[in-house]
Amino acid sequence: VDNILFEFKYSVKFSDIEIAAKVIAQVVYYLNRLFKKGRISEVKYFVVADKDESRLFRVSDFDLFYESCEYQWDDFRPSSPDPKLIEAIKTSRVIESNRVYKLTSPDDLQIFSSLLYKILSAQNTVLESAGKSYGSRKYQ
């Protein structure tokens, strides 16, 4: 899907910051690879999701992570990310202010689906000009 990177898990608890940080760190590894290849502009958002929950992020909120030389990109696999990166993500304001969508809740599912639809329909500039951040509580 253009502009969105998805990382799916079967059954994890994204409301648990420790678990969410590890999965997000895995995505940051993929973002780092895109960055090193000069292709980071191809992805604007990423989603981590399982059968019950999801989180939606802007890639630009993670540029300090994927552009950093502070983490061991080559010594760890994405599925087993650098513990230093996991810890940095876990304590960052980005994850703290991000919303967990309960996909088992009709209301949350509707909100999440609408956000994805708007992004995929290239209407994200309309949302940004309205001052909303996808899934971020600080703007809602």
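**View 1. Confidence across the predicted model.** pLDDT is the predictor's confidence in each residue, on a scale from 0 to 100. This is a predicted model, so to speak: local features need pLDDT of at least 70, side-chain atom pairs count only at pLDDT 80 or more, and totals for chains, interfaces and linings use all residues. Residue numbers start from 1 along each chain as its sequence is written, and side-chain values use heavy atoms, with hydrogens and water left out. The protein averages a pLDDT of 87, and 86% of the residues score at least 70.

View 2. Strands here are DSSP runs of E, at least two residues long, and helices are runs of H or I, at least four, numbered from the N terminus. Strand β2 (residues 43-49) runs antiparallel to β3, joined by five bridges, and Val48 has Arg55 as its bridge partner. A three-residue hairpin links β2 to β3.

**View 3. Helix α3, one face in.** In α3 (residues 83-90), the buried residues are Leu85, Ile86 and Ile89. Down the helix axis they fall within an arc of 100 degrees (directions from the axis to the C-beta atoms), so they line one face. Their cover includes α1 (17-36), α2 (63-66) and α4 (93-96).

Technical notes. Pairing = 2+ DSSP bridges. Buried < 20%, exposed > 50% of the residue type's maximum accessible area, 1.4 Å probe, protein only. Contact = heavy atoms within 4.5 Å.
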